[in-house]
Amino acid sequence: MIRQPLLRGGVFLAALIPPLVWFYQALSNALGPDPGKVLLDRLGQGALILLLLTLCLSPLQWATRWSGWAHIRRQLGLWTFAYACLHLVAYLLFVLGLDFTQLAVELRKRPYIIVGALAWSGLLALALTSNRASMRRLGARWKKLHRLVYAVLGLALLHMLWIVRSDIGLWLVYFSCGALLLALRLPPASRLLKKLRGTRPAPAQVSR
Ligand code: HEM
C-alpha cells in the first residue's frame, strides 16, 4: 500500500529537480555557448513529456485498477503547465529579449510560435478549471472541456514538428506515444483493457 503523501512527494521532487539542475547548469556555464536556447528547448521537451505522462494515467488506472494513478493526474497536469510557463518565460527573456516591439516580426518569422501559444492557452484553460469547485460548477461540461487536452497534445506536436523539420527521430517517438494513448481511448482498446482488468483482483488502494 503506497501512502498518498509519499506518492505526491515523489512526483513533486521528480518534476522539480530537472529545472533546478538546468538553471544551476546555466548559471555555472555548463550549457554551452547559448544556455538560454538550451533551457528553452529542455523546458519545451519537459512540458511535452509531462503532458504525455499525464495522459498515461487513465489507461494505467483502467488496466491496473489502482486508484493511485488518478490521485497524481491533476498534480502532473499542473506541472505540465508550470514547465510550459517557464518555457514561455525563457522565450520572452532569451529569444525576444523582452523587446515586445519585435513580437509582430517574430510571429511572421516563426509562425510555430502561434501554434505553441494556442497549446499554452489550452493548458491555461485546463489548469484554471482543474479544481473541485470548477468540476462542480461545470458538471457534465467539465469532462467535455477536459478533452481539450488532446487538442493541446496535437498542437504541441505540430509546434515541435515545425521546429525540428528534418531531424524528426525524437518527434516520432513523442508522436507514437501520443497516437498510442489516443488509440487506447477507442472502444475496442478500452474493452480489451477492461477485459484484462476483469481477470485480475483489485490491488490495495492508495491511503490518504
Ligand atoms: C506561448 C507559448 C510558446 C512559445 C512562445 C514557444 C516557443 C518556442 C521556441 C522559440 C522554441 C525553440 C525553437 C528553436 O529551437 O528554434 C520552442 C521549442 C519547443 N517547444 Fe515551444 N513555445 C510555446 C509553447 C509550447 C508548449 C505549450 C509546448 C508543449 C506542451 C512546447 C513544446 C516545445 C517543444 C517540444 C520544443 C522543441 C524543443 C527542442 O527542439 O528540443 N512549446 N518553443
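Q: Why is His87 called partly exposed?
A: In this predicted model, His87 has a relative accessibility of 22%, and because the partly exposed class runs between under 20% for buried and over 50% for exposed, His87 counts as partly exposed.

Q: What makes His159 count as buried or exposed?
A: The relative accessibility of His159 is 16%, and since buried means under 20%, His159 counts as buried.

Q: How do you know which protein atoms are donors of the iron atom of the ligand?
A: The NE2 atoms of His87 and His159 lie 2.0 to 2.1 Å from the iron atom, and N, O and S atoms within 2.8 Å of such a metal are taken as donors, so both histidines are its protein donors. The pair links distant parts of the chain, with His87 in helix 4 (residues 73-95) and His159 in helix 9 (residues 148-164), 72 residues apart.

Q: Why is the arrangement of the six donor atoms around the iron atom called octahedral?
A: The angles subtended by the six donor atoms are 87 to 179 degrees; six donors count as octahedral if opposite ones are over 155 degrees apart and all others between 65 and 115, and the arrangement is therefore octahedral. For reference, ideal angles for six octahedral donors are 90 or 180 degrees.

Q: What makes Gln75 buried?
A: Gln75, which is found in helix 4, has a relative accessible area of 13%, and because the limit for buried is under 20%, Gln75 is buried. A polar atom of the Gln75 side chain lies 3.0 Å from the backbone oxygen of Arg8.

Technical notes: Residues are numbered from 1 along each chain as its sequence is written. This is a predicted model: local features need pLDDT of at least 70, side-chain atom pairs count only at pLDDT 80 or more; totals for chains, interfaces and linings use all residues. Side-chain values use heavy atoms; hydrogens and water are left out. Donors are N, O and S atoms within 2.8 Å of the metal (3.2 Å for Na, K and Ca); water is not among the atoms, so sites may look incomplete. Four donors count as tetrahedral if all angles lie between 85 and 135 degrees; four count as square planar and six as octahedral if opposite donors are over 155 degrees apart and all others between 65 and 115; anything else is irregular. Helices (H or I, at least four residues) and strands (E, at least two) are DSSP runs, numbered from the N terminus. Buried means under 20% relative accessible area, exposed over 50%, partly exposed in between (1.4 Å probe, protein chains only). A polar contact is a pair of N or O atoms within 3.5 Å; within protein, one must be able to donate a hydrogen and the other to accept it, and residues adjacent in sequence count only if both atoms are side-chain atoms.
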